[in-house]
Amino acid sequence: MVGQNQKKTFLKAMLYLLPALVIIAVFVVWPMFHTLRMSFFEKFNIFTKTGEGFGLSSYIWVLEDPTFHKALINTFIYAVVTVPVSIIISLAIAILLNSGIRGSKFFQTAYFLPYVTNAIAIGLAFRFIFHSEFGVFNKFLGFFGIDAVRWLTDPDWAMVTLCIFGTWSALAFKIVIFLSGLQGIDPQLYQAARIDEAGKWKMFTKITLPQLGPIMAYQFVIATINAFKAYNEVVGLFGDDGPLHSAITMVYYMYDKFYNANRYTIAAASGVIMFIIIMLFTFIQLGMSNRKADQ
Amino acid sequence: MNDSMKIESRWAKALVIILLTLGAITMLFPFFWMISGSLKTIREITSPEIIWWPEEEQWDNYTTVLTMKTNPFGIYFKNSIIVAVANTVFTLLTTILGAFAFSRLEFKGRDKLFSVLLATMMVPSQMYIITNFITITRMNLYDSLWAQILPYTASVFYIYLLRQFFNQIPDQIYLAAKVDGCSDWKYLWKMMVPNAKSSLVTIGLFNFIASWNAYLWPLMVTGKVEKRVLSIGLKYFASDSGTDYHLMMAGATIVILPLIVIYLVFQKYIIQGIARGGLKG
């Protein structure tokens, strides 16, 4: 009797779960294994689903490809620049927004807006702003006597431009998280510090920063993962991977190998490598923040 | 508002307001410049001087963009709406059913299954689009709106979020309802769903915005012009139109304006959603 009841509950639960499970199985779980399997072949026919030359040849090919090196280096630069810079700026803005000045509701609306925008569309606006001839940014720099820079067409500047755009795009989300973190700090901590006549800077380093610890770790992990997946920002800004492929990223490389070059196994191998790098970074960062928390 | 971080001195207040204003200008300027550019003539947009606002607003730029033969923005817009709405409706449905099963039905292996699902969230979606492309092609769905809808009609993350909310609703009500002979199905739709309204609105909004902004996947599964969504159409339009930046800005504004409206209307839900669930990615 009990057994039958259990069976009934199980069947019922499966009916509830069926739509979600089918979609997730077909479009999330199966692809993980299939992409992994594909990456170990030298050649793969996507219509017959058969491969030739089982082994590590695709991985070796990717790891020896200078374009992949470029993509890897660019992705690292993008992460190393945009993650800390956007975290510092957004923390500063969140603290200012939380300082109880009038009109902070209006400011919040302004600062959060970029969160909902389409990277392709706003990238186009940035393309217009950074245009070397009639872009407003060069005109603005001209006021200070700075010569025009070919932000979008000079391969040496492409990554700089991408990092500026990437930082701008990444701020809104972080400001929201920091602001809610700041509002969650117990006010009594500050009152106690005030009795001790601690200065503003001391309050910041001794109370605000430690209290924001877990949120900071979370921001670093999420921001790094997102930076490693950068793609829409590149296409939005340049329309492709920049002058002479100077702004190619890992995801761009993968997409290009799959879709334009039809090198399916190469694309799969680069995807797996990307996944491994993201996992490694996530664990390192989480490990570091845990150790800090223990001290 | 946490008033213990308040600043008192007038000078400090003025400084904060100046800094915040400069920052806000930086955040809003690209939007302003896009809209102002969309209303300029080709002459104004390529002028060596800075022209903050056009002498006469060229609303015709929008008509030109919307009625183009090579890049029919009207059709793109319609496709984007269909895909985003269908995506959102189906996702909400699978999320509600899934979250209910994980939150209320005590079946064998429930926690194990849930952990397995959570583990899949670690894999970047970019990794599975390769295989998904093959799957969609073999399902004969290449170049259809369904190809853009189907793979995103269930989300582990949203199930996880809604389950958390469902778990907060006291169990006693559920048990009492069961004693009264209320079926699970009825309980879910009459009790749980109305209670979770604000969570569902947030999930729906995020899903809609994500679908509206999706780029890589729709690009891969569409070839024909008639099946493109706005992000893709805008990209092709930008590479076709050379230096017609006034038209490009009009196209970009058409893509972004609905998002701005949604943001201004539902700001509270969106901010709460980010702050609570850290919704992104």
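Me: Into which domains is chain A divided?
Reply: This is a predicted model, where local features need pLDDT of at least 70, side-chain atom pairs count only at pLDDT 80 or more, and totals for chains, interfaces and linings use all residues. Residues are numbered from 1 along each chain as its sequence is written, with chains lettered from A and ligands numbered from 1 in the order in which they are written. The bounds come from an automatic or database domain assignment. Chain A splits into domain 1 (2–39) and domain 2 (57–294).

Me: How many residues of domain 2 of chain A are in contact with domain 1 of chain A?
Reply: The C-alpha centres of the two domains of chain A lie 35 Å apart. Contact here means C-beta atoms, placed from the backbone, within 7 Å. On the domain 1 side of chain A there are 4 residues, and they meet domain 2 residues numbering 7.

Me: What radius of gyration does chain A have?
Reply: The C-alpha trace of chain A spans about 75 × 70 × 35 Å along its principal axes. For a compact globule of 295 residues, the rule (2.2 Å times the number of residues to the power 0.38, with the radius taken over C-alpha atoms) would give near 19 Å, but chain A has 24 Å.

Me: Which helix gives the largest share of the side of chain A that touches chain B?
Reply: The contact takes 81 residues from chain A and 80 residues from chain B. Helices are DSSP runs (H or I, at least four residues), numbered from the N terminus. The largest share on chain A, 20 residues, comes from residues 2–39, helix α1.

Conventions. Helices (H or I, at least four residues) and strands (E, at least two) are DSSP runs, numbered from the N terminus.
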